[in-house]
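Here is a briefing on one protein structure. Take a look at the chain, then work through the points below by topic.

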Amino acid sequence: MRRPIEKAVVLGAGTMGARIAAHLANAGIACYLLDIVPPELNGEEKRKGLTLESPAVRNRIVMAGLEAAKKSRPAAFFTPDMSRLITPGNFEDNLNWCSEADWIIEVVAENLEIKRKLLERVDAVRKVGTLVSSNTSGLPIDRISEGRSEDFQRHWAGTHFFNPPRYLKLVELIPGPKTSPETLTALEEVCGERLGKGVVRAKDTPNFIANRVGTFSILHALQQMQTLEMTVEEVDACTGPAIGWPNSATFRTLDIVGIDVLVHVIRNLYDGIPNDESRELFRVPPLLDALMQRGWLGEKAGSGFYKRVKGVGGESEILTLDWRKMEYRPREKAKFGSIEAGKSVESTRERIATLVAPALEGKGGDKASQFLWSGLRETCLYAARRIPEIADSIVDVDRAMSWGFGWELGPFEIWDAVGVERAAKATERDGKQMPLLVQKVLASPKKSFYESQEGSRRYFDLKSGAMQLLEPPPGVLILKSLKDRTPVVQQNSGASLIDLGDGVLCCEFHAKMNAIGGDIFAMLQSAVARLETEFEALVIGNQAPNFSAGANLMLLLMTAQEGEWDDLHLAVRQFQRANMALKYAPRPVVAAPQGMALGGGCEIPLHAAKIHATAELYMGLVEVGVGLIPAGGGTKEMLIRANEHAADGDTLDLMHAMRPIFENIAMAKVSTSAEEARSLGYLRPSDPVAMNRDRQIADAKQTALALVRAGYHPPAPAEIRVLGEEFLAAAKLAIHMMVRGAYATEFDGVVARKLAHVMAGGALSGAQAVPEQYILDLEREAFVSLCGERKTQERIAHTLKTGKPLRN
């Protein structure tokens with residue numbers, strides 16, 4: 001039986017507490033946020049004549065934490081309005097609010113006695129059965145709850161979120177000695193389904209899983225940097241996207257986290273792991289001590305391993321720490337032949353194996369190969385020695401590193417990528433002892449940590465010494481597994497049709513960046529045709545990082561440069577026809593966008609009967625950034641939404657509804673969440689959102705089936721009311737003022753006037769209703785004419801080269 005979580009209390013409004021409260025609010029969970037009462041007045045409060053009893057004073061600390069969360073970048077809230085679900089208070093006046101809560105989360109200072117004393121007070125006011133958890137990053141869960149009531153301890157656990165909690169997927173769930181199985185299940189459900197997190201079960205050991213292994217990896221990297229006499233930039237070149245780790249790599253990540261935070265973790269680990277064979281590595285390195293002494297604590301202090309300064313002309317410039325001299329110098333690009341060569345290898349698994357090969361095979365290789373082999377070898381060995389100390393399963397360790405540190409492959413997946421036998425031979429050659437887990441894997445028939453077979457995945461279990469089935473969580477559909485188990489219905493180079501079961505078809509994009517082109521148009525048309533006879537509903541979705549980055553710009557540029565205008569007209573017509581087929585399909589179409597859904601990747605979902613988006617959705621009609629306008633029906637669909645807002649037909653209401661839509665398209669606005677996409681008009685009020693991306697396809701399937709059960713019928717053909725010259729004149733004036741004020745370039749003005757012409761309904765003297773095809777034709781004509789502009793072609797070429805828009 002599911003346990004409803006409707007109200008929570010977060011104890012502590014510091015960086016993590018306030019942001020955890022923000023994410024609870026994002027999930028629609030009402031939340032009390034409490035912190036201490038200030039011990040004394042500050043200067044401003046004294047000038048105002050306030051006292052320690054004034055409510056503004058008593059809630060000063062909690063309000064400061066909440067305001068910091070509201071202003072944080074990246075944003076802690078999906079939309080600023082979400083903060084309305086948080087009620088601030090303090091421990092002295094409002095601790096009794098805990099009696100109303102279904103879940104209480106402790107996030108106060110990392111001090112055992114402070115936590116114990118506060119939770120003793122909480123135990124006295126909480127209602128029986130309330131879940132209580134701690135966000136401690138390393139203190140023992142059992143010691144924090146010592147002395148609490150039996151009911152408290154049965155409903156107690158650690159829930160370690162990673163910062164920032166909105167964006168990092170990991171929550172480590174740590175049971176106490178008396179935690180009930182029902183409590184763990186309830187916390188897994190609320191964290192996994194309501195908050196969208198990936199939950200791993202960790203043992204109650206110092207710093208749990210991710211920080212234990214991750215800190216080892218960082219400290220070894222620092223050690224190797226000095227041994228191999230590498231620069232900060234060289235280490236970051238090795239430990240970023242080259243091996244499937246985040247762009248922030250090692251030292252940019254440390255600057256974001258804070259050098260002081262890392263030092264605290266290192267000291268906590270050293271004190272807490274007396275029997276760890278690698279304990280001596282967990283001494284604070286002299287380099288970190290030197291940074292601490294100078295106050296170079298990272299981004300919050302303005303300097304750490306990197307430092308941002310004002311350069312020539314007032315432009316921002318980033319300097320790098322020369323760790324030998326403890327001085328900052330201009331950044332230098334790392335130059336490694338192996339890293340450059342690796343960029344041509346698309347698969348991260350294959351790239352890692354290629355990068356470490358020279359050093360692994362004893363052939364030396366460049367410094368990058370030596371550094372990576374040493375670092376990955378030692379990290380993988382350390383992780384293997386920690387099973388079953390920190391977790392029972394290799395899967396939990398791999399997921400913790402992937403979800404908490406952003407590694408594409410966890411340590412045991414890296415072992416498999418390199419080859420366990422191959423890596424073991426090289427490791428023994430280097431004089432390293434094999435952990436028991438690796439010895440057992442080498443003695444097993446498969447000699448690997450994982451295997452995939454007929455759509456299922458198995459992992460090596462240390463306890464049984466055999467492969468165990470890795471079951472996907474309930475409510476999760478994995479498209480790759482479905483394709484491995486059963487033949488696809490149809491496929492081409494850009495997309496596939498997959499049977500999701502229960503009469504639901506899925507159109508999965510799989511082109512590079514899921515760029516939209518002829519292959520996808522054809523597959524969408526084929527999917528709609530199959531709805532006539534074979535399937536009850538269609539889901540358009542994929543499980544790549546991004547739904548679609550938009551049109552195939554390279555093909556578009558080549559066609560425009562060769563002057564193949566008929567081909568361009570044809571391509572636009574094909575896209576429009578595919579989208580109109582989706583809109584008027586005989587059975588429901590549900591679009592499931594995730595990550596980036598830009599340009600054409602936004603237009604496809606706009607034509608679906610429903611959108612079932614992920615919470616983290618970056619959606620927008622961004623064509624003006626390359627000197628174009630939406631031409632796949634996106635402008636048309638936004639005009640229809642404006643008409644819906646002005647349903648009584650009033651011209652003034654329609655003008656007011658059209659203005660923000662024109663601004664959004666003309667300024668290429670992109671949502672920073674699904675909820676912001678809703679406020680921009682891309683999602684309708686009834687469109688559902690999946691907090692957990694892993695569950696999105698399964699959730700979208702259920703949305704489609706619900707439409708079937710409700711007796712879905714396609715909409716009647718739309719008549720779109722446009723305002724003609726009245727809107728066009730107002731838009732042209734606004735464009736003129738933007739160009740005059742240097743907020744837009746002259747060519748921005750050219751593109752915006754084309755957009756205004758389409759939205760006005762063309763050269764009409766007054767308001768009238770027009771069919772959808774009329775607007776589609778205007779879109780196509782404007783799009784193709786802009787393709788012929790030299791400045792548009794320059795913008796497209798610049799975007800392809802740099803990934804950034806050009807303002808010319």
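**Surface charge and salt bridges**

On the surface, Glu 562, Glu 564, Asp 566 and Asp 567 gather in a patch of negative charge. This is a predicted model. In it, 58 salt bridges are found. The points below start at the surface and then move to helices, charged pairs and a contact across the chain.

**Surface patches**

- Asp 566, one of the residues in the negative patch, lies in helix α25, which covers residues 565-583.
- Asp 566 has a relative accessible area of 64%, so it counts as exposed. The cut-off for exposed is over 50%.
- Met 554 sits in helix α24, residues 553-561.
- With a relative accessible area of 42%, Met 554 is partly exposed.

- Helix α17 runs over residues 367-385. Its 19 residues should span 27 Å at 1.5 Å a residue, and the end C-alpha atoms are 27 Å apart, so the two values agree.
- Is α17 mostly covered or mostly open? It is mostly covered, with 16 of its 19 residues buried.
- Helix α18 takes up residues 394-405. Twelve residues at 1.5 Å each should span 16 Å, and the end C-alpha atoms are 16 Å apart, so this helix agrees with expectation.
- Nine of the twelve residues of α18 are buried, so the rest of the structure largely encloses this helix.
- Among the buried residues of α18 are Ile 394, Val 397, Met 401 and Trp 403. Asp 396 and Asp 398 are buried in α18 too.

**Salt bridges around Asp 276**

- Side chains of opposite charge can pair when their charged atoms come close.
- Arg 212 forms a salt bridge with Asp 276, and their closest N and O atoms are 3.0 Å apart.
- This pair links distant parts of the chain, 64 residues apart. Arg 212 is in helix α10 (residues 210-227), while Asp 276 is in the loop between α13 (259-272) and α14 (286-294).
- Are Arg 212 and Asp 276 buried or exposed? Both are buried.
- Arg 386 also forms a salt bridge with Asp 276, with closest N and O atoms 3.7 Å apart.
- Arg 386 lies in the loop between α17 and α18, and Asp 276 in the loop between α13 and α14, so this pair ties together parts 110 residues apart in sequence.
- Arg 386 is buried, as is Asp 276.

**A salt bridge between two helices**

- Asp 748 forms a salt bridge with Arg 795, and the closest N and O atoms are 2.7 Å apart.
- Asp 748 is in helix α32 (residues 746-760) and Arg 795 in helix α34 (residues 790-802), so the pair ties together parts 47 residues apart in sequence.
- Arg 795 has 2% relative accessibility, so it counts as buried.

**One network**

- Which residues are joined by salt bridges that share partners? Arg 212, Asp 276, Glu 277, Arg 385, Arg 386 and Glu 389 form one network.

**Across the chain**

- Phe 78 is found in the loop between α4 (60-71) and β3 (86-90).
- Phe 78 is buried, because its relative accessible area is 4%.
- Phe 78 and Ser 671 are 593 residues apart in sequence, and their C-alpha atoms are 9.6 Å apart in space.

Conventions:
Residues are numbered from 1 along each chain as its sequence is written. This is a predicted model: local features need pLDDT of at least 70, side-chain atom pairs count only at pLDDT 80 or more; totals for chains, interfaces and linings use all residues. Side-chain values use heavy atoms; hydrogens and water are left out. Patches are made of residues with over 30% relative accessible area and no salt bridge: like charges are joined within 9 Å, nonpolar side chains (Val, Leu, Ile, Met, Phe, Trp, Tyr) within 5 Å. Accessible areas come from the Shrake-Rupley method with a 1.4 Å probe; for residues, only the protein chains shown count as cover. A salt bridge is a side-chain nitrogen of Lys or Arg within 4 Å of a carboxyl oxygen of Asp or Glu. Lys and Arg count as positive and Asp and Glu as negative; His and the chain ends are not counted. The place of a charge is taken as NZ of Lys, CZ of Arg, CG of Asp or CD of Glu. Helices (H or I, at least four residues) and strands (E, at least two) are DSSP runs, numbered from the N terminus. Buried means under 20% relative accessible area, exposed over 50%, partly exposed in between (1.4 Å probe, protein chains only). The expected span of a helix is 1.5 Å times one less than its number of residues.
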